[in-house]
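We will go stop by stop.

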Amino acid sequence: MAATRSSLPKSPFFKLVAAGEGIWAAVATDFTAAVGNSAIVDLGGRWLVVDTFMSARAATDLHEVVRSLAGDEPLWVVNTHSHMDHVGGNSVFAAVATIAATGATRERVLETAAGLPQRIAAAEAAAADATTGDDEESVRRHREAGARLDSLRRLQLVAPDATIGDRLTLYGQRRRADLIALGTAHTNGDLAIHLPDDRTLLAGDVV
């Protein structure tokens with residue numbers, strides 16, 4: 001039996017905000033482990049997760065919320081684009097859902113995964129340079145540099161395993177979701193999710 005809103009798991013990484021009946025925005029509150037926002041959509045007998053945060057830690061909490069809401073696993077995960085704060089938690093969902101995106105997003109995630117050692121080295125240098133002073137701002141910068149480095153060291157990037165062309169429609173018993181490729185906008189492979197019956201658009205970082 002699915003959980004009620006009051007009994008849902010809590011997370012230090014995001015807050016859940018109702019965006020419609022059966023639609024939730026997972027709004028990031030931690031800007032090292034989550035960063036970008038995610039969304040959960042009840043299609044009716046099928047569940048959709050849009051974007052997976054920056055880290056497996058935040059995505060694990062998102063996964064638990066979805067399972068509590070649905071009483072089951074999500075069937076679809078959609079990445080709106082390739083930036084790490086939208087795909088970094090894909091590994092949490094890889095075994096339980098199809099992960100879809102544009103072909104350009106898949107290629108970019110694969111490239112980013114191959115370049116992770118260089119990014120980690122750069123983050124290590126930045127953390128070493130972030131000296132801790134007595135003022136609050138210096139302490140904050142030092143803490144955030146360390147947190148970013150820790151997230152990168154833990155990161156296991158998983159590329160989408162399904163790609164779409166111009167458009168793909170997912171149907172549930174409750175609503176449909178139109179996945180629409182936008183071409184080059186915020187990145188070269190942006191994707192929007194339109195819920196026409198709800199007059200709702202999930203557009204990643206394009207809007």
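Which residues are buried in H4? Select Thr 105, Val 109 and Thr 112: these are buried in H4. One thing to know before going on: this is a predicted model.

**Stop 1: helix H4**

Select residues 103–114 to show the whole of helix H4. H4 has twelve residues. From its first C-alpha to its last, H4 reaches 17 Å, close to the 16 Å expected at 1.5 Å a residue. Now turn the view until you look down the axis of H4. The buried residues of H4 fall within an arc of 65 degrees, so they line one face of the helix. An α-helix has 3.6 residues a turn, so residues three or four places apart point the same way.

**Stop 2: where H4 meets H5**

Keep H4 and H5 on screen. Their axes are 5 Å apart, and the two helices pack at an angle of about 55 degrees. That makes H4 oblique to H5. On the H4 side, select Thr 112, Ala 113 and Ala 114. They meet Leu 116, Pro 117, Gln 118 and Arg 119 in H5. Thr 112 is also one of the buried residues of H4.

**Stop 3: helix H5**

Now hide everything but H5. H5 has 14 residues. Its end-to-end reach, first C-alpha to last, is 20 Å, close to the 20 Å expected at 1.5 Å a residue. Which residues of H5 are buried? Colour Leu 116, Ile 120, Ala 123 and Ala 127, the buried residues of H5. Look down the axis again. These buried residues fall within an arc of 60 degrees, so they line one face of H5.

Turn to the face of H5 that points away from its buried side. That face carries the exposed residues Gln 118, Ala 128 and Asp 129. Then bring the neighbours back. The buried residues of H5 pack against H2, H4 and H6.

**Stop 4: H5 beside H6**

Select residues 136–154 to show helix H6. The axes of H5 and H6 come within 9 Å and cross at roughly 160 degrees. That makes H5 roughly antiparallel to H6. H5 passes H6 in a left-handed crossing. Which residues make the contact? From H5, pick Leu 116, Arg 119, Ile 120, Ala 123, Glu 124 and Ala 127. From H6, pick His 142, Ala 145, Leu 149, Leu 152 and Arg 153.

Stay on Arg 153, which sits in helix H6. Is Arg 153 buried or exposed? Its relative accessibility is 51%, so Arg 153 counts as exposed. Leaving aside its neighbours within four places in sequence, Arg 153 is in contact with Ile 120 and Glu 124. Arg 153 and Val 27 are 126 residues apart along the chain, and their C-alpha atoms are separated by 24 Å.

**Stop 5: helix H1**

Select residues 56–70 to show helix H1. Its 15 residues should span 21 Å at 1.5 Å a residue. The end C-alpha atoms of H1 are 20 Å apart, which agrees. The buried residues of H1 include Ala 58, Leu 62, Val 66 and Leu 69.

Zoom in on Ser 68 in helix H1. Ser 68 is buried, with a relative accessible area of 19%. Ser 68 and Leu 8 are 60 residues apart in sequence, yet 6.3 Å apart in space, C-alpha to C-alpha. Step past the end of the helix. Gly 71 follows H1, and its phi is positive, near 70 degrees.

**Stop 6: two loops**

Another general rule comes first. Most residues other than glycine have a negative phi. Select Phe 53, in the loop between strand S4 (47–50) and helix H1. Phe 53 is not a glycine, but it has a positive phi of about 70 degrees. Phe 53 is buried, with a relative accessible area of 0%.

Last, select Val 35, in the loop between strand S2 (23–28) and strand S3 (38–42). The phi of Val 35 is near 70 degrees, a positive value in a residue other than glycine. At 33% relative accessibility, Val 35 counts as partly exposed.

Conventions:
Residues numbered from 1 in each chain as written. Predicted model: local features only at pLDDT ≥ 70, side-chain atom pairs only at ≥ 80, totals over all residues. Heavy atoms only, no water. Helix = DSSP H or I, 4+ residues; strand = E, 2+ residues; numbered from the N terminus. Expected span 1.5 Å × (residues − 1). Buried < 20%, exposed > 50% of the residue type's maximum accessible area, 1.4 Å probe, protein only. Arc of directions from axis to C-beta. Axes fitted to C-alpha atoms, helices over the stretch in contact; angles between N-to-C directions. Parallel < 35°, antiparallel > 145°, perpendicular 65-115°, else oblique. Left-handed = near helix turned anticlockwise from the far one by under 90°. Contact = heavy atoms within 4.5 Å.
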